[in-house]
Amino acid sequence: MLQTAPVRSAYQPRLPENLEALGIPPALVVDLVLRRLYVRGLSNFQSLSEALKLSPLVIEQVFRQLRQEQLVEVRGMTGNDYNFTLTSAGRQRAQECFQVTHYCGPAPVSLKDYHKAVKLQAARVRVNRKMLRDAFSDLVLTDRLLDQLGPAVISQNAIFIYGPTGNGKSSIAERLLRVYQDAILVPYAIEVDGQFIMIYDPVVHERIECDDPDLDPRWVLCRRPSVIVGGELVPSMLDLRLDEATGIYAAPIQMKANNGVLVIDDFGRQAMSPQELLNRWMVPLDRRVDYLALRYGVKFQIPFEMMVVFATNLKPSSLADEAFLRRIQNKIYVEPVDPESFDEIVRRVAAARNIPLEPDTPAYLRELCLRDGRTELRACYPNDICNILVAISRYENVPPRMTKENLERAVSLYFARN
């Protein structure tokens, strides 16, 4: 569902009214119209304008050029709008265009305009402990941890979140996007050396309703993006990917995450080694620019304007050397939960599941979790054990209850014996 924008984007490109104002080669726009007509057959100014995100005046300008070259012919009118299609010569020309690329979607923006947009939309965050407490209200976090997160978020530099497994590192990283209350503009695609690179991704970018008729429709108003990758991360995801069948490039994950958050979860457990990833991003993290290459070797620079978050339960020294760790200025250790936080998590989990809770239940569960030589409480224990408890109740066909007997049974299933 589309939502109302919290605020306007810092970048406000106006609707171009002619080919020259688009900032991309006019010939590229003409070819784009030809491909769209080839795919759709009969069309008109309005439908082409909506499909290609171009002003009707730009479409009319292209139409007149194509008509003069006898590449289109008029087949009637709908109201004041021409209905037209390709001539035989137009179809032949469109087929030649298709051999280069099949792209016939929204017109791209220039690489120059993309750089400008990302720079102007760089996040500027103001937060305090109360605001962070509200943003992470569904987690139980100590003031000490919040006071570490606050300056890190304000700096917008990379963050290294580490510590024992099961204490909420991934949950914290995933919720960092909540500190942003503004909107950004994301282009459908950009043009580089006559090639099309798709950037807007509805899976990553949460679209927001925009009612500004003067805004360049080649840009989509969105909330700041959050891209989360884990063990599935491979080197190819950091480079342009060319679809051989269509001749269209897909942007890498860091390009889709621009002006937002990029989370590398379970860092150190990817198919690519930590050293390979760190070497790849040594310059981007330091200078906020990255370099990509088209299939035939043309290299170009893109902005690297995002907050990168590395979350891991491995020791930092085993993942990176001092030179790289220096470039990650914010290192936050998420320690095992204290008894008070553990008890609060138990109460919240029980309330969320509508499970009756006796006053001494949190303390008893805490005692069970520290048996058999275990010395640390983990934030994940209450929810995980409660899942088992609910499964037991369904097996027994009785309402779930946090009795001592049920808790002991769930805990014995949860922990492996040494």
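**A guided first look at the chain**

Visitor: Where in the chain is Phe300 found?

Guide: Phe300 is found in strand β17, which covers residues 299-303. Helices (H or I, at least four residues) and strands (E, at least two) are DSSP runs, numbered from the N terminus. This is a predicted model, in which local features need pLDDT of at least 70 and side-chain atom pairs count only at pLDDT 80 or more, while totals for chains, interfaces and linings use all residues. Residues are numbered from 1 along each chain as its sequence is written, and side-chain values use heavy atoms, leaving out hydrogens and water.

Visitor: Does Phe300 count as buried or exposed, and why?

Guide: The general idea is a scale: buried means under 20% relative accessible area, exposed over 50%, and partly exposed in between (1.4 Å probe, protein chains only). Phe300 counts as buried because its relative accessibility is 7%.

Visitor: Which residues is Phe300 in contact with, leaving aside neighbours within four places in sequence?

Guide: A contact means heavy atoms within 4.5 Å. With those neighbours set aside, Phe300 is in contact with a run of residues from Asp290 through Tyr291, Leu292 and Ala293 to Leu294. Leu111, Val192, Ile197 and Leu240 are in contact with Phe300 as well. For a sense of distance, take Met272: Phe300 and Met272 lie 28 residues apart in sequence and 24 Å apart in space, C-alpha to C-alpha.

Visitor: May we see a contrast? Does Pro151 count as buried or exposed?

Guide: Pro151 sits in helix α7 and counts as exposed, because its relative accessibility is 52%. Between Pro151 and Arg218 there are 67 residues of separation in sequence and 35 Å in space, C-alpha to C-alpha.

Visitor: And Ser43: buried or exposed?

Guide: Ser43 belongs to strand β2, residues 43-44, and its 8% relative accessibility is why Ser43 counts as buried. Not counting residues up to four places away in sequence, Ser43 touches Leu37 and Leu48, together with Tyr82, Asn83 and Phe84.

Visitor: Let me step back. How many helices and strands does the chain have?

Guide: The chain has 17 helices and 19 strands. Its C-alpha atoms fill a box of roughly 85 × 55 × 40 Å along the principal axes. Of the 418 residues, 50% are buried. Among contacts between residues at least 6 apart in sequence, 73% join residues at least 24 apart.

Visitor: In what order do the five strands of the open sheet come?

Guide: Two strands pair if DSSP finds at least two bridges between them. The open sheet here has the order β5-β8-β9-β14-β13, with mixed pairing. At its edges are β5 (109-110) and β13 (241-243), each pairing on one side only. Inside that order, β8 (189-192) and β9 (195-198) run antiparallel and are joined by four bridges. Look at Val192, which stands opposite Gln195 in β9.

Visitor: Which strand does β12 pair with, and in what sense?

Guide: The partner is β15 (residues 261-264), paired with β12 in the parallel sense over four bridges. Ser226, for instance, has Val261 in β15 as its bridge partner. β12 (residues 226-229) also has two faces: Val227 and Val229 on the covered one, Ser226 and Ile228 on the uncovered one.

Visitor: How many cavities of 30 Å³ or more are counted?

Guide: The count is one, and the largest cavity has about 70 Å³ of space. Among its 15 lining residues, Tyr114, Leu185, Val186, Asn258 and Asn259 are the closest to the centre. At least two lining residues come from each of α5 (111-120), β7 (183-187) and α9 (253-256), with β7 providing the largest share, four residues.

Key. 1 Å grid on protein atoms, 1.4 Å probe; cavity = no way out; pocket = protein on both sides within 12 Å on 5 of 7 lines; lining within 4 Å. Points joined across faces, edges and corners; volume = space filled by probe spheres on them.
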